[in-house]
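Colleague: I am new to this structure and would like to learn how to read it. Could we take one feature at a time?

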Amino acid sequence: MSIPAHAVSLDHTAPEDVVYPVPERWQRTYVSIRGRNGEGEEIPLTGLRSGAWPGLAVQPGATGLDLPPYAVHMDESPNLDGSMVRGARASARQVLLPLLVYGIDRQTMRKVKAKLAGALNPQLGYSVLTFIEQDGEPRRLKCHYVGGMEGSEGTDTAGFTWISYGIQLTAADPFFYGDTTTAASWSFGTEQPLLGQLLPITLAKATPSKGTLTIENSGDIDAWPVWEITGPLKRFKFTGPDGTSFGIPDQPGSIDALPTGRTLTVDCRPGYKTVSDNTGKNYFPLLSANPALWSVPPGASTAQADLLAGSGTPTVKMTLHPRYLTY
């Protein structure tokens with residue numbers, strides 16, 4: 001049985017009103033690597049295309065640079081067909097980079113090889129892969145070298161002035177990051193935009209205020225904010241787009257939960273999850289019961305702020321670092 005499909009005309013005469021798309025000219029992707037937690041020398045991996053000599057060149061066959069792998073968790077029921085999905089999580093990303101090391105002579109090839117080995121050494125920290133397209137927006141991936149540069153002197157993998165590798169990298173954080181960090185702040189009593197838009201919140205001394213914050217996350221997935229809150233505040237509470245919240249309630253004796261001159265940093269990022277001020281004091285025990293240091297979904301979303309100022313003018317700043325699924 002044939003598959004139903006739209007009829008295709010064999011008449012190649014194009015209508016006069018057809019506008020054919022014109023492909024945009026696009027430069028080759030720039031790729032580089034930095035070792036020592038991203039603080040080492042930047043080593044271009046696309047030198048062959050730029051004409052640099054000696055250098056390194058990414059060969060065809062790279063893998064692991066688009067969507068990261070996902071683990072989907074399911075439950076099976078003895079009385080129902082199929083399974084029920086409980087959730088999904090991104091796993092560590094495995095990257096394979098076929099690289100060619102080449103030089104004008106044996107000495108220069110060995111120098112380039114040693115430089116690459118130093119940038120990949122995981123005992124000196126993670127490496128940062130950078131991809132830049134013609135639009136100029138870099139995408140960076142933190143990863144650790146796990147193998148592939150052991151070397152082989154076969155006739156098809158090495159010569160007197162060149163050698164090829166299949167570099168294997170693991171990115172524990174499987175997402176790409178850009179260089180643009182979204183940040184904004186507002187001072188109670190003055191109106192300033194927060195991440196693009198803030199409905200006006202005017203907070204006089206010792207008076208409560210509630211407001212809706214419109215937050216824009218330009219990334220592909222949830223991003224985790226970092227809050228910087230400067231006192232005085234008697235209490236505060238921030239409720240995220242998913243309805244979860246964190247904050248510090250009223251303190252005994254009506255004292256300020258956050259005194260004047262103290263800046264409280266609430267770091268919601270995985271692996272951090274800290275609540276401390278500029279003196280090092282840990283405020284986590286002061287949070288309300290069952291706090292959730294919530295994330296911001298991609299696109300536009302709204303959050304709620306509920307604050308009570310102390311005997312001064314508090315300020316709040318939120319920083320957001322968008323994450324991307326691919327470069």
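Colleague: How much space lies in the largest pocket?

Modeller: Rolling a probe the size of a water molecule over the atoms shows where empty space is left. This is a predicted model, and in it the largest pocket holds about 630 Å³ of space.

Colleague: Which residues lie nearest the centre of the largest pocket?

Modeller: Of the 23 residues in its lining, Lys142, Asp173, Tyr177, Arg269 and Tyr272 lie nearest the centre. Two elements, β8 (138-147) and β20 (315-320), each give two or more residues to the lining. β8 gives the most, with 3 residues.

Colleague: What classes of residue make up that lining?

Modeller: The lining of the largest pocket has 11 nonpolar residues, 6 polar ones and 6 charged ones.

Colleague: Now the strands. Which way do β1 and β7 run, parallel or antiparallel?

Modeller: In a regular strand the side chains alternate between the two faces of the sheet. Here β1 (residues 30-34) and β7 (residues 127-132) run antiparallel, joined by 5 bridges. Tyrosine 30 has isoleucine 132 as its bridge partner in β7. β1 also pairs with β2 (residues 43-44), again in the antiparallel sense, over 2 bridges. In that pairing, serine 32 is bridged to proline 44 of β2.

Colleague: What does threonine 29 touch, leaving aside its neighbours within four places in sequence?

Modeller: Threonine 29 lies in the segment before β1. Its contacts beyond those neighbours are Thr46, Phe131, Ile132, Glu133 and Tyr327. With glutamate 133, the side chain of threonine 29 makes a side-chain polar contact of 3.0 Å.

Methods. Residues are numbered from 1 along each chain as its sequence is written. This is a predicted model: local features need pLDDT of at least 70, side-chain atom pairs count only at pLDDT 80 or more; totals for chains, interfaces and linings use all residues. Side-chain values use heavy atoms; hydrogens and water are left out. Two strands pair if DSSP finds at least two bridges between them. Helices (H or I, at least four residues) and strands (E, at least two) are DSSP runs, numbered from the N terminus. A polar contact is a pair of N or O atoms within 3.5 Å; within protein, one must be able to donate a hydrogen and the other to accept it, and residues adjacent in sequence count only if both atoms are side-chain atoms. Contact means heavy atoms within 4.5 Å. On a 1 Å grid over the protein atoms alone, a cavity is a set of points where a 1.4 Å probe fits but cannot get out, and a pocket is an open set with protein on both sides within 12 Å along at least five of seven lines; lining residues have an atom within 4 Å of a point. Grid points are joined across faces, edges and corners, and a volume is the space filled by probe spheres set on the points. Ala, Val, Leu, Ile, Met, Phe, Trp, Tyr, Cys and Pro count as nonpolar, Asp, Glu, Lys and Arg as charged, and the others, Gly among them, as polar.
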